Amino acid sequence: MLTAQWACRRCIKALAQPRNRQFLRLASTDAQTYLPPVLLSRARNIAAEHDKLVNAIKDEFDPKTAKRIGELSRVANALKEWDAAQSSISELTLLAQSHDDELRQLAKEELLTTNATIKSLATALSASLTPRDAFADLPCLLEVRPGPGGLEGRYFADAVFRMYKMYCSRQGLPTNVVKYETVDGGESAAGASSEAPIQEAILEILNPGSFARFRGEAGMHRVQRVPATETTGRTHTSAVAVWVLPSFPDDESDMPTEQSFTDPNSIFYVDPREVKEEKMRAGGAGGQHVNKTESAIRLRHEPTGITVSMQDSRSQHQNRQTAWKLLRARIGQKRREERDEKARSLRDSVLRKDQITRGNKIRTYNYSQDRCTDHRSGLDSHNLPNVLEGGDTLDKIMDSAKEWLLRQDIEALLAEEEAAAAAATAGETKGAKKGKR
């Protein structure tokens, strides 16, 4: 009696379903196309450590071990999904060589589907290996300042500020206007937008994790449009600078130890002796109180020259507290950028060419073409009004920027791992030569 050929349960179930017969090309199963071996090796080492700790904690619970397991679980889970897909590919590849025509056809169809998901699984696994940003879980401060372009840049800065404010409102993200300072004597631009010429505006997005969500918005935003005051119809080009800084909680106990601003070893620590404080009378519109009471505060960090002034509140104490919060955020960001720059100098110069700095334009808003272009991801969107209203189109653009940043993080990780592997290989070779001598 002949034994029946084995078939997986998924194939048997699908055999009973009617389907259209068509020619199907057998997809490549070369997994290394999507996941470099050096990253896969690192993932397996992390997963092995994860499994070891899981077994250890079964006998005796330890908070530190549990925390470490949580940190490693992201990689371990992503690797399990990757291995499961690889196992399916191997199984389906064998079935695709079956003598049974119907089973062979079905296996090829399943193989195409599985291969379509392997790239996304490889990306997810690579992303899980990238270091998590120290500020990722914090709220953020979104600073908007006019760049080159004169008065038109100030008007567009207001448009950008309101764009993010409306976006947060649509997304249900709680916000707080920390600062909104207009130019003295400035008038609102004509038209439905009624833009005001702002000097600086700061929006605090209070939702935890906002820094990770908005960090891709930092950079120069360029606008090309005909100003309301232009009589000849000439298009002007101006720019707006956007900074995304972490917003530290008022209570230090809510912060992780490595982010403490009272620890002298932390990059977020600011020595009060290095800060010069000035009390001033607030200026601008606001009534008699503004001009008669010294409620405004200016802080200057002498070593870096970073200056913060705050006058939005009538309370001097509130202005001082807000000014210190903003000063810590700016100094912490500056120190982190300096630290990251040193790390980047060790990487491949190809990666540094694509680095986004505050001087690079990251996005263009072209009014005449009804277009918004993100220059990093290359995404073009022809629905500019929806973008400026903080609608779904802006959400898509922001997602494309986050995907671009993720690719950069993965490339940087790959460069570091390959450099480490090359150094290890060179050290082994050098040691072997010494041994022969």
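Two strands are taken as paired if DSSP finds at least two bridges between them, and helices (H or I, at least four residues) and strands (E, at least two) are DSSP runs numbered from the N terminus. The model is predicted, so that local features need pLDDT of at least 70 and side-chain atom pairs count only at pLDDT 80 or more, while totals for chains, interfaces and linings use all residues. Residues are numbered from 1 along each chain as its sequence is written, and side-chain values use heavy atoms, with hydrogens and water left out.

View 1. Strand β10 (residues 371-374) pairs with β11 in the antiparallel sense over 2 bridges, and T373 stands opposite D380 in β11.

**View 2. Helix α2 and its buried residues.** Helix α2 (residues 37-59) has 23 residues and reaches 34 Å from its first C-alpha to its last, close to the 33 Å expected at 1.5 Å a residue, the expected span being 1.5 Å times one less than the number of residues. Among the buried residues of α2 are V38, L39, L40, A43, I46 and A47, and H50, L53 and I57 are buried as well. Buried means under 20% relative accessible area, exposed over 50%, and partly exposed in between (1.4 Å probe, protein chains only).

View 3. R300 lies in β7 (residues 296-301) and counts as partly exposed because its relative accessibility is 34%. Leaving aside neighbours within four places in sequence, R300 is in contact with E274, V275, K276, G305, I306 and T307. Of these, K276 is 24 residues from R300 in sequence and 5.1 Å away in space, C-alpha to C-alpha, whereas the side chain of T307 is joined to that of R300 by a polar contact of 3.5 Å. A polar contact is a pair of N or O atoms within 3.5 Å; within protein, one must be able to donate a hydrogen and the other to accept it, and residues adjacent in sequence count only if both atoms are side-chain atoms.

Note on methods:
Contact = heavy atoms within 4.5 Å.
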